Amino acid sequence: GVDLTGNYSLTFFDAHGENWQTAALDWNADCATVTAALEELPNNVIPADSVLCYKSESTDGGVTHGQDSTVEPIYDTAMYVHSKYTLAFPQNPGKLQQIAINKFLDGTRPTLFSDEATSTLGWQIYPNGFIGENVDMVPDLCEDVLVTLSTDTAYHLLELPSAAAIKLFKKCLGDGNGNTADNVDVYNWDFGDIYNPHLIKLVDATQDTSIATTDNSGDTDIDYALSRYPISNLCADSSVATCHARNPPGFFAVTYFDGTDFRVFSRAAKDYSTSTQFYVYTTKGHLQMVNEESAAFTTSAQDTASNRISRYYSNIVHLTNSSEVHDGYLGNVDCETTTVGVNGALDCLSKNDYVMVLSTTSTAHNAADLAANPVYPNLYQVKKISREPKSDDYDPALENSDALRYQVVLDYSMNTNFVWADGKASATDTSGTFYKFYPPAAANQYEYAGECSHRGLCNTKTGLCECFPGYASDNCGEVCNTSM
């Protein structure tokens, strides 16, 4: 086996983008040590007793390569994972840049090593569908509707308990393509389709649905003694295996109605019982497929194992032609070079656009497409979209080709792997497609995080919050008890 030695530090980025570096951590530090180092950062950057951590590590000498194929977003037997940390920062609201690892704690000399002659030591950092937000763009609770999830071969499904719930849900979904003129039914809604599916957010309702009881008169009573909670590995006390997940975060799902079922592209049903109920939040924004003929991928079927692994959990998505329908098309989707209606383009992308990437096809969405999609999809922002120099990174035969040069750089790493294998005609091709999210108007958004917790004003001369009456602490985040 491969032995590791040395230490590293974590770099945490607060909601303002300021970076904070922890003290040195041993390469095999436990969760208690990691959380202590994060919570010891100065200026109360991360509140005490707030970090949640779960560590899993290989104990079998690499027989399963340190991975569990049932839970890993990307499972590859060519990759050996020694330790995996899952971290959450529930008391640091707002959109946070993903943390970074620093292995250069001695100037330019590395302090983290493997005993290999040629080191293959690396790390991967990614958000797995649960990203903080400054502004909630899917904020509308669908009142009196609870859904469950089930599985099917090519899709997962949203299940609603009654015809009345279905009617309410359709009304909540509303418009799906930004054009209310083609809405249907008395519910004034769109079915949605693979070109314009509905973006929703699901929140586990276990802790609320489990405390309701019905008496002999048919009245519903709330009995807090009967409360149950979702179970999580992410615990404030890292010495326990599981704990109650009070007030669990929501996650995105993408759905459309095929006339019979509400189909879901992502795979959250694999993690939940078919009896788990969810609140549903909807949006007045909408998703638009950008171009089905543009294949978005993170790795290629022609990659060597080392190249493939180096591209896992990257924030760079490559583009090429997904079929031969439009000869000479190279997969570009940028607004500078794209004309809507040409080469299959339905839309285009610019810097700072919000996007999702999903594997799907209009003709034969299958189990491979479903398996390629993340369990919990992220909503990304485009940070760069470009045409890069020619390269043979993916296939030496393409060294002098214009193919594979277009790429999109996202604000977070991808939590799945889309494989390009010569286009959608290939059974092994699971390349994805970009979807552009048009946020709702500001009046239909909810600003979740802001300066001084929206409970005070920032004095820009001193850099301190001046809290409104009734609030205190550095960020005005504490409510004061006042007596009259």
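The questions and answers below concern this predicted model.

Me: How many aromatic pairs does the structure hold?
Reply: Rings of Phe, Tyr and Trp pair if their centres lie within 6.5 Å. On that criterion, the number of aromatic pairs in the structure is 18.

Me: Which geometry, stacked, tilted or edge-to-face, describes the pair of Phe12 and Phe89?
Reply: The ring centres of Phe12 and Phe89 are 5.0 Å apart, with 55 degrees between the planes. Planes under 30 degrees apart count as stacked and those over 60 as edge-to-face, with the rest in the remaining class. The pair of Phe12 and Phe89 is therefore tilted.

Me: How many residues apart in sequence are the parts that Phe12 and Phe89 tie together?
Reply: Phe12 belongs to strand β1 (residues 4–13), whereas Phe89 lies in the loop between β5 (83–88) and β6 (100–102). Phe12 is buried at 1% relative accessibility, and Phe89 is buried at 16%. Because of these positions, the pair ties together parts whose separation in sequence is 77 residues.

Me: Which geometry describes the aromatic pair of Phe169 and Phe262?
Reply: The centres of Phe169 and Phe262 are 5.0 Å apart, and their planes make an angle of 70 degrees. An angle over 60 degrees sets the class, so the pair of Phe169 and Phe262 is edge-to-face.

Me: Which helix and which strand does the pair of Phe169 and Phe262 tie together?
Reply: Phe169 is buried, with a relative accessible area of 0%, and Phe262 is buried at 4%. The pair ties together parts that are 93 residues apart in sequence. These parts are helix α2 (residues 163–173), which holds Phe169, and strand β17 (residues 262–264), which holds Phe262.

Me: Is Leu457 buried or exposed?
Reply: Leu457 is found in strand β29 (residues 456–459). Together with Phe468, Tyr471 and Val479, Leu457 makes a nonpolar surface patch of about 370 Å². The relative accessibility of Leu457 is 53%, and the cut-off for this class is over 50%, so Leu457 counts as exposed.

Me: Which residue provides the backbone oxygen that the side chain of Ser294 reaches?
Reply: Ser294 is found in strand β20 (residues 294–297) and is buried, with a relative accessible area of 3%. Its side chain reaches a backbone oxygen at 2.7 Å, and the residue that provides this oxygen is Gly331.

Conventions: Residues numbered from 1 in each chain as written. Predicted model: local features only at pLDDT ≥ 70, side-chain atom pairs only at ≥ 80, totals over all residues. Heavy atoms only, no water. Patch = residues over 30% accessible without salt bridge, like charges linked within 9 Å, V, L, I, M, F, W, Y side chains within 5 Å. Areas by Shrake-Rupley, 256 points an atom, 1.4 Å probe, with all protein chains shown as cover. Salt bridge = Lys/Arg side-chain N within 4 Å of Asp/Glu carboxyl O. Helix = DSSP H or I, 4+ residues; strand = E, 2+ residues; numbered from the N terminus. Buried < 20%, exposed > 50% of the residue type's maximum accessible area, 1.4 Å probe, protein only. Phe/Tyr/Trp six-rings, centres within 6.5 Å; stacked < 30°, edge-to-face > 60°. Polar contact = N/O pair within 3.5 Å; in protein donor to acceptor, adjacent residues only side chain to side chain.
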